[in-house]
Every structure is written in C-alpha cells, then in structure tokens.
Amino acid sequence: MAAAPDTATSRASTVFETLLKVVLTVTLLGILVLTFFDVVGRYVFNAPIPGAFEIQQYGMGILIFAGLPLITFDRGHITVSLVDGFFGRNAMLKRVQGAVLNLISAAIVALLTYCLWDQAEKAMQWGVTSAFLELPQYPVMFFMAFMGAVTCVVLLLQAATGIRGLEDDGQGSKAGGGWEL
C-alpha cells in the first residue's frame, strides 16, 4: 500500500515535467518563428511585425521560469567547487553542505517569488499593460511567481533528501548532473 503514493507521486511528477517541457518547446518555437518572420519582414519588406519585441519579452519570461524547476530538479545548474576540499571525503559533511546550499538557494528563490507575486498583484490592480499591444503583464508575472514557488519546493525537497542521505551520491540524484567549474 505504501508503494501507491510513490507511484502516484512519480506519475504526477512525470506529467508535470512533460507539461513543462511542452510549454518550453512551444514557447521557444514561437519566439523562433516570430523572430524569423519579424527579421524577414523588417529587412525584406520593410514591414516588421508590430509588437514582436513585446511578445518576445513575454516569451522569454515564460521560457526562463518554466525551465527553472526542470533544471533545478535535474541538478543542471553550474556549480563552483571552491570549498569542496574543506569537506574531504566525509559523506556527512558533504550532505550537510548540499543541504545548506539548497536551503540558501530556496531562500533566495522564495524571496524572488514573493517579489514577483507582489509585483503581479500590483500590475493586476493597476492594469499595467505592455506599451504597444497593451497586453496585461500580470498573467506572465503570476506564472513566473508560480514557477519560482515550484522551484523553491524542489530545492527544499532536495535539501531534505540530501540531509537524510537518500541520494545516490553526494552531488544529487543523477551522477554527473550539472556543470562543474
């Protein structure tokens, strides 16, 4: 009976991951196509697409913040191992180091998420729109804040599993994850 929640959680995680990948792919493809036709229109026909820059800005916000939980879950961030030598081969100290770094990262992302949510609420109340197309800004801002909250949860879960020693290695759930300098 205990395996059912893990299976349901695993399925939900896979569905959410797939959904984010679809959002990322569609957004990136949209930005790409829009940029192509905007450049062709601008230089060949002397008629750029009106508001293309604004749509690209919205797309970049979606692209970056939809990718943040995925990169965090896969531990794909760039890491700089300046203090790894101080911890030697002590597995417990490395787990504590990883947990502390995840908690610090979670706190920073939580602050960013709070600020984004606050700005989104203000943008919604004040009716803030883009300059040319007059598109409301708050939906994208709320999406960014939500993805920040998801990233924060991922970081907290990684800190908890890391300190309990449930990870495969000292670096995370996937060996060789991330770029190391």
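Colleague: Okay, and where does H2 bend, and by how much?

Modeller: In this predicted model, H2 bends by about 25° at Gly67, and a proline, Pro69, follows within four residues.

Colleague: Let me step back a bit: how many helices and strands does the protein have?

Modeller: There are five helices and two strands, and when the protein is read along its sequence they come in the pattern α-α-β-α-α-α-β.

Colleague: Where is confidence highest, and where is it lowest?

Modeller: Confidence is highest in H2, with a mean of 96, and lowest in strand S2 (residues 179–180), with a mean of 48. For the protein, the mean pLDDT is 86, and 86% of the residues reach 70 or more.

Colleague: Over which residues does pLDDT stay under 50?

Modeller: That happens over residues 168–176, and for this stretch the model has nine contacts beyond four places in sequence.

Colleague: Back to the helices, then: at what angle do H2 and H5 pack?

Modeller: H2 and helix H5 (residues 138–163) pack at an angle of about 10°, and their axes are 8 Å apart. Angles under 35 degrees count as roughly parallel, and therefore H2 and H5 are roughly parallel to each other. On the H2 side the contact is made by residues including Tyr58, Phe65, Leu68 and Pro69, while those of H5 include Phe143, Met147, Leu155 and Gln158.

Colleague: How far does H5 reach from its first C-alpha to its last?

Modeller: H5 has 26 residues and reaches 37 Å, which is close to the 38 Å expected at 1.5 Å a residue. After H5 comes Gly165, with a positive phi near 80°.

Colleague: What about Asn102, is it buried or exposed?

Modeller: Asn102 counts as buried because its relative accessibility is 9%, and buried means under 20%. Asn102 is placed in helix H4, and apart from its neighbours within four places in sequence, this residue is in contact with Arg75, Leu155, Gln158 and Ala159.

Colleague: And Tyr114, buried or exposed?

Modeller: Tyr114 is in helix H4 as well, which runs over residues 91–126, but Tyr114 counts as exposed because its relative accessibility is 56%, and exposed means over 50%. The C-alpha atoms of Tyr114 and Phe146 are separated by 9.8 Å, and these two residues are 32 residues apart along the chain.

Colleague: New topic: what is the phi of Asn46, and where does Asn46 lie?

Modeller: The phi of Asn46 is near 55°, a positive value in a residue other than glycine, and Asn46 lies in the loop between helix H1 (3–43) and H2. With 68% relative accessibility, Asn46 counts as exposed.

Colleague: And where is Glu134 found?

Modeller: Glu134 is found in the loop between H4 and H5, and this residue has a positive phi of about 55° although it is not a glycine. At 58% relative accessibility, Glu134 counts as exposed.

How values were computed. Residues numbered from 1 in each chain as written. Predicted model: local features only at pLDDT ≥ 70, side-chain atom pairs only at ≥ 80, totals over all residues. Heavy atoms only, no water. Buried < 20%, exposed > 50% of the residue type's maximum accessible area, 1.4 Å probe, protein only. Bend = angle between axes of the 7 residues up to and from the residue. pLDDT = per-residue confidence, 0-100. Contact = heavy atoms within 4.5 Å. Axes fitted to C-alpha atoms, helices over the stretch in contact; angles between N-to-C directions. Parallel < 35°, antiparallel > 145°, perpendicular 65-115°, else oblique. Expected span 1.5 Å × (residues − 1).
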